[in-house]
Amino acid sequence: VNICVIGRTPALSKAERAAFEAADKAAGLRARVLAQLVTKFGPSTEYALNFSIGGQIGIDCAPCGWDKTFCLQFLPEDEFPTVHFFGDKTDEGGGDYELYTHPRTIGHTVESPEQTMELVQSLFLNVDTA
């Protein structure tokens with residue numbers, strides 16, 4: 001489930017989403033809402049839900065164990081002992097944090113698709129991106 005504190009509307013432009021994201025980074029609105037959700041419905045409550053910052057305007061909610069680490073069960077550890085993960089919301093509370101910090105992953109924080117490609121090329125394809 002994705003919770004959006006400013007609402008979802010088809011008319012919400014990219015510029016409006018970016019403006020909210022910038023204001024949110026400065027004021028920490030989603031972080032405060034997320035903290036309250038964790039207190040009332042988080043892993044240590046009877047509801048056992050995880051919450052994380054999702055995308056530019058949302059808060060993701062899922063049952064414990066259903067975060068992005070869920071995918072690792074489909075990659076047998078004997079065949080894939082290490083998984084490289086690239087994400088932009090890798091800080092605690094971000095939607096990528098659990099997979100980024102998982103013992104089986106090597107996490108890479110990125111800020112754009114272009115940066116992701118540069119890292120993939122330099123790490124795995126021996127392409128000099130400089």
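# Briefing: a predicted protein model in outline

The protein exposes about 8400 Å², and carbon and sulfur atoms supply 57% of that area. Accessible areas come from the Shrake-Rupley method with a 1.4 Å probe; for residues, only the protein chains shown count as cover. This is a predicted model, in which local features need pLDDT of at least 70, side-chain atom pairs count only at pLDDT 80 or more, and totals for chains, interfaces and linings use all residues. Residues are numbered from 1 along each chain as its sequence is written, and side-chain values use heavy atoms, with hydrogens and water left out.

**Overall picture**

- The secondary structure comes to 4 helices and 5 strands. Helices (H or I, at least four residues) and strands (E, at least two) are DSSP runs, numbered from the N terminus.
- From the N terminus on, the order of elements is β-α-α-β-β-β-α-β-α.
- The C-alpha trace spans about 45 × 40 × 25 Å along its principal axes.
- Of the 130 residues, 30% count as buried. Buried means under 20% relative accessible area, exposed means over 50%, and partly exposed lies in between (1.4 Å probe, protein chains only).
- Take the contacts with a separation of 6 or more: residues 24 or more positions apart account for 44% of them. Contact means heavy atoms within 4.5 Å.

**Charges**

- The protein has 10 positive and 18 negative side chains. Lys and Arg count as positive, Asp and Glu as negative; His and the chain ends are not counted.
- The centres of the two sets lie 10 Å apart. The place of a charge is taken as NZ of Lys, CZ of Arg, CG of Asp or CD of Glu.

- An open sheet of 3 strands has the order 1-3-2, with antiparallel pairing. Strand 1 (2–4) and strand 2 (49–54) stand at the edges with a single partner strand each, so one side of each is left without a neighbour in the sheet.
- From one strand to the next, the twist averages 25°.
- Strand 1 pairs with strand 3 (residues 58–63) in the antiparallel sense, over 3 bridges. Two strands pair if DSSP finds at least two bridges between them.
- I3 stands opposite I59 in strand 3.
- Helix 2 (residues 29–41) packs on this sheet and touches strand 1, strand 2 and strand 3. The direction of helix 2 makes about 175° with that of strand 2. Axes are lines fitted to C-alpha atoms, for helices over the stretch in contact, and angles run from 0 to 180 degrees between N-to-C directions.

**Strands 4 and 5**

- Strand 4 (residues 83–87) and strand 5 (residues 105–109) run parallel, joined by 5 bridges.
- V83, F85 and G87 form the covered face of strand 4, while H84 and F86 form the uncovered one.
- In a regular strand, side chains alternate between the two faces of the sheet.

**Residues in helices**

- E21 sits in helix 1 (residues 14–27). E21 counts as buried because its relative accessibility is 13%.
- Leaving aside neighbours within four places in sequence, E21 is in contact with G55, Q56 and K89.
- A31 belongs to helix 2. A31 counts as partly exposed because its relative accessibility is 45%.
- A31 and C71 are 40 residues apart in sequence, and their C-alpha atoms are 25 Å apart in space.

- N50 lies in strand 2. At a relative accessible area of 19%, N50 is buried.
- Not counting residues up to four places away in sequence, N50 touches P43, D60, C61, A62, P63, C64, G65 and D67.
- G42 is found in the loop between helix 2 and strand 2. Its relative accessibility is 0%, so G42 counts as buried.
- Apart from neighbours within four places in sequence, G42 is in contact with L37, A48, L49 and F51.
- G42 and G93 are 51 residues apart in sequence but 12 Å apart in space, C-alpha to C-alpha.
- A48 is in the loop between helix 2 and strand 2. A48 is partly exposed, at a relative accessible area of 28%.
- Phi of A48 is near 50°, a positive value in a residue other than glycine. Most residues other than glycine have a negative phi.
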